[in-house]
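Hi,

Here is the structure I said I'd pass on. Have a look at it first, and then read on for what turned up.

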2 protein chains.
Amino acid sequence: MWTFVNDKFLPREEATLPITDLALQRGYAAFDYLRTVNGIPLFIEEYIERLKNSATALRLVIPTENEWWVSRISTLIEKNKIPHSSGIRITITGGNAPDFYTPVAPNIVIDEHPLTMPGEALFNNGLHLFTYDYQRDLPAVKSINYLMAVWLQEAMKAAGADDILYQKNNIISELPRANIFLISDANEILTPDKNILEGITRKKIVENAASLGKVIKKPITTDALWQAKEIFICSTTKRILPVTTIDNRTIGDGQPGPITKALHEQFIIMENEIAAGKFQNI
Amino acid sequence: MWTFVNDKFLPREEATLPITDLALQRGYAAFDYLRTVNGIPLFIEEYIERLKNSATALRLVIPTENEWWVSRISTLIEKNKIPHSSGIRITITGGNAPDFYTPVAPNIVIDEHPLTMPGEALFNNGLHLFTYDYQRDLPAVKSINYLMAVWLQEAMKAAGADDILYQKNNIISELPRANIFLISDANEILTPDKNILEGITRKKIVENAASLGKVIKKPITTDALWQAKEIFICSTTKRILPVTTIDNRTIGDGQPGPITKALHEQFIIMENEIAAGKFQNI
């Protein structure tokens, strides 16, 4: 397996960063994460745009031409030849800061690894969520700050949950690595509008969902969870997964709902069409 | 210059960590930072205790015998032979996590570098602070999460300030890398008691200060800043530095105050006595 580090392709086991890097010193780095299907990166231009936005927000100066990124990602995919699905993580750090504090020229890492997507069983079982009172710092930025998310894994597992739903002042936002959607009594498709990382999968669902219901981005209270007919989460590595309980309370009838299933089928069709080259992937 | 990485001493330019390390992937690592004077590490046992507490809080499993740490730090100091003052940073990361998320066996890095302590001019000028509404996550833990601190540097500089004072709900807590003390009208020596990293320098000041006034750890409102006779900050790399303005408002008479000066002199005497071997450094 090859990894791209500062314009060199290295065997992955040789891909390292100096201990003076600001990611290691101060947890200061932006990243993004995209997925390939049969060697084709899904929605690559949108992931690159988001990566550039995150880097700009963190004042990390990186190449701005999408082609610079596409060519390197494409070369990596060609060199690694990972079958089926792979995940590609692009990390832009604060660089090797002489004062251990002030960002300098970033280190850029592009790493690829095989990815197993959730199967039918996981979809049918649905997820158990656990709410936690927290708001991520700089939520619109995809930074490497997952201190709370990693730290909370123990409490989450002790509660028998699969993932965490952040809320603050009785308003839900997102999961550490996923967005959330609710289907209301009126078949409205709702998703939080603020204090979140705007997922690319979320964006595609919003684009696709118009045929299934009215899509509304707005603040959603924690109480609204208990009235929802269906709830699902979405992310690059999970596509769409139903939520069947939150804090041990059953959501809807405790089964994956019809709109969740329809959106999931729609998403897989779109993905397969891109993988088959049926329409342009930008 | 030598750096300790996972039980090897490496030339610093070869000291690297794999890109799969959880510090790089998820900003997940504990650290601590101590200082030497003429090759003698100040308060080493107390720094090691705090490091172990941080690691435990982050569920990172490390050697528990202080001697394990003291011997490696001592060897590093002997190998590097840095004159006058050095800073020693010990980092304990979440390790090379196969799932990029769950902590495994930590990577341990001990790095040393020359350190210049603040001179008389900086002490006499005092610092200009800038308040910002923020509460660090897991404040009692010395983690590498400085996302907000680094990100705020630009706004801080634009405001003509030297450092940031965090407050939340009108209660002050700490600076990104320092604790704060106020001297009240009644010559009480006040310092926040909650939602902070308990500094080793802070602890020494509290121990030393009894001869100069009553020391009280308690919640301190932002409004109390404007009534303070003196304010100073303290940290390993700064000892004690007076604060002369906060948000462009003058503190006290805008000059380093008598209690600040006395505590500073006391601290330097203590430090020199340790460096001269006059009493045991534990």
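A quick definition before the numbers: a residue counts as buried if 20 or more other C-beta atoms lie within 10 Å of its own, with the C-beta atoms placed from the backbone. By that count, 44% of the 282 residues of chain A are buried. Do keep in mind that this is a predicted model.

A compact globule with 282 residues would have a radius of gyration near 19 Å, and chain A has 19 Å, so the two agree. As for contacts in chain A between residues at least 6 apart in sequence, 71% of them link residues at least 24 apart.

Now the sheet in chain A. It is an open one of six strands, paired antiparallel, in the order β2-β1-β7-β6-β4-β5. The edge positions in chain A go to β2 (8–11) and β5 (40–41); each has a single partner strand, so one side of each has no neighbour in the sheet. β2(A) is joined to strand β1 (residues 2–5) of chain A by four bridges, and the two run antiparallel. If you want a residue pair to click on there, T3(A) has L10(A) in β2(A) as its bridge partner. Helix α2 (residues 44–57) of chain A packs on this sheet, where it touches β4 (29–37), β5 and β6 (85–93) of chain A, and its direction makes about 175° with that of β4(A).

On to chain B. There, too, you'll find an open sheet of six strands with antiparallel pairing, ordered β2-β1-β7-β6-β4-β5. At its edges stand β2 (8–11) and β5 (40–41) of chain B, each with a single partner strand, so one side of each is left without a neighbour in the sheet. Further in, strand β1 (residues 2–5) of chain B pairs antiparallel with strand β7 (residues 108–114) of chain B over three bridges. In that region F4(B) sits opposite I110(B) in β7(B).

Helix α2 (residues 44–57) of chain B lies across β4 (29–37), β5 and β6 (85–93) of chain B, at about 175° to β4(B). Helix α3 (residues 66–80) of chain B lies across β1, β2, β4, β5, β6 and β7 of chain B, and runs at about 35° to β7(B).

Cheers

Definitions and conventions. Residues are numbered from 1 along each chain as its sequence is written. Chains are lettered from A and ligands numbered from 1 in the order in which they are written. This is a predicted model: local features need pLDDT of at least 70, side-chain atom pairs count only at pLDDT 80 or more; totals for chains, interfaces and linings use all residues. Two strands pair if DSSP finds at least two bridges between them. Two residues are in contact if their C-beta atoms, placed from the backbone, lie within 7 Å. Axes are lines fitted to C-alpha atoms, for helices over the stretch in contact, and angles run from 0 to 180 degrees between N-to-C directions. The radius of gyration is taken over C-alpha atoms; the globule rule is 2.2 Å times the number of residues to the power 0.38. A residue is buried if 20 or more other C-beta atoms lie within 10 Å of its own, exposed if 12 or fewer, and partly exposed in between; C-beta atoms are placed from the backbone.
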